[in-house]
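Q: Could you take a close look at one helix pair in this model, and at the loop that joins it? I'd like the geometry with the cut-offs spelled out.

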Amino acid sequence: MTIPVGVIAVYVALVAWLVLLVLAIRGRRYGWVIGFGIALMLVLNVRYLVEGAPAGIAFFIGIYDVLNNLGLAPDAKVAGMTACVDGQCSAWGERFAMHTTWGVAFYQRFVADAPLRSMLLYGHLLFNSLVFVLMHVQMLRTGSGAHRRAHKVLGRVNFLLLTLSVVCAVWLASEHGAVPQYGGRLSEFGFYSMAAFVYGTAVMGVLAIRSGDRVAHRVWMWRFVGTMWGSFWLFRVMLFVLDPLLREHEAVALLICIWSSAPLGMLIAELIRRRIDASKELPLAAMRGLSPGNGVAGAG
Ligand code: HEM
């Protein structure tokens, strides 16, 4: 029987990440949690480029298989789950007879002789992974300090990479109307809306800085970072929880994640940024002998 050590290592990593998150919330320092999320994202995505799409997808499905099969009798009929040939679509091989139908369809889409589709997937995940890393460099080395020139150059490179990755993603999504296991047109337009949130916030940030508005630039770039975390991590973590709960309803869990992850990520980032800004305003207001709520603190 196949024991996918890599999948088990991912579970261990997820538990370690959760512990780091709890420690970070207590100590109010989030650097390690963010760094860990970036590193784990790279480990997961780079394997597509090393092992090829079918193996990368089988690994991805393997991560979901354990919870999705929890409590299921071997011969159970579940509306949102199906079998695949010799268990090839999962890193667990034949250990689990059933996988979500979207998972099997995902594998079949890329195991088929479809070189353009595979190139689009590699392009999408390569460019988006690079953007994911570089956007944190941009947030750390902002354009107002000593790194002004580097921030500007890297910003342009990052925007180009983002454009390429979104073009690949939208192209892939345009095929989803014909994939009922993903939710058909609902999946297609859900991914368009995800792309609109991610790209739209980035474009707003670029327009703001081009018109010289640094405050709005910062606000939109926080939102953009939120959509990126949403469309990658929030999406996958939500699916991990919702997939087994909604396994009787084909594609519903997937569609919830497709439609909600990017806006939810944006909302969370917005709340965090406002908290940070408010905590900076408090000491400023105290120094000036002003009440923080009177709106004067941000004007200086
Ligand atoms: C603009 C927002 C995004 C859109 C519209 C989008 C869309 C898509 C689509 C359509 C697929 C392929 C499903 C298929 O055709 O069968 C996909 C898969 C994938 N995407 Fe994205 N995506 C976005 C954000 C991201 C981000 C931020 C990352 C990485 C940092 C990422 C990495 C991946 C990976 C690795 C896969 C393969 C499945 C997996 O292993 O997770 N995507 N995405």
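A: Let's start with how the pair packs: helix α1 (residues 5-27) and α2 (31-51) sit at an angle of about 160°, with their axes 9 Å apart. Axes here are lines fitted to C-alpha atoms, for helices over the stretch in contact, and angles run from 0 to 180 degrees between N-to-C directions. α1 and α2 are therefore roughly antiparallel to each other (the label for angles over 145 degrees). α1 passes α2 in a left-handed crossing, meaning that the near helix is turned anticlockwise from the far one by less than a right angle. On the α1 side the contact uses A13, W17, L20, L21 and A24, and on the α2 side W32, V33, F36, G37 and L40; contact means C-beta atoms, placed from the backbone, within 7 Å. By class, that contact has 9 nonpolar, 1 polar and no charged residues (Ala, Val, Leu, Ile, Met, Phe, Trp, Tyr, Cys and Pro count as nonpolar, Asp, Glu, Lys and Arg as charged, and the others, Gly among them, as polar).

A word on the source: this is a predicted model, where local features need pLDDT of at least 70, side-chain atom pairs count only at pLDDT 80 or more, and totals for chains, interfaces and linings use all residues. Residues are numbered from 1 along each chain as its sequence is written. Helices are DSSP runs (H or I, at least four residues), numbered from the N terminus.

Now the loop between α1 and α2, which is where R28 is found. Phi of R28 is near 55°, a positive value in a residue other than glycine. R28 counts as exposed because it has 7 C-beta neighbours inside 10 Å, and the cut-off for exposed is 12 or fewer other C-beta atoms within 10 Å of its own, placed from the backbone.

How values were computed. Helix = DSSP H or I, 4+ residues; strand = E, 2+ residues; numbered from the N terminus. Parallel < 35°, antiparallel > 145°, perpendicular 65-115°, else oblique. Contact = placed C-beta atoms within 7 Å. Buried ≥ 20, exposed ≤ 12 C-beta atoms within 10 Å, placed from the backbone.
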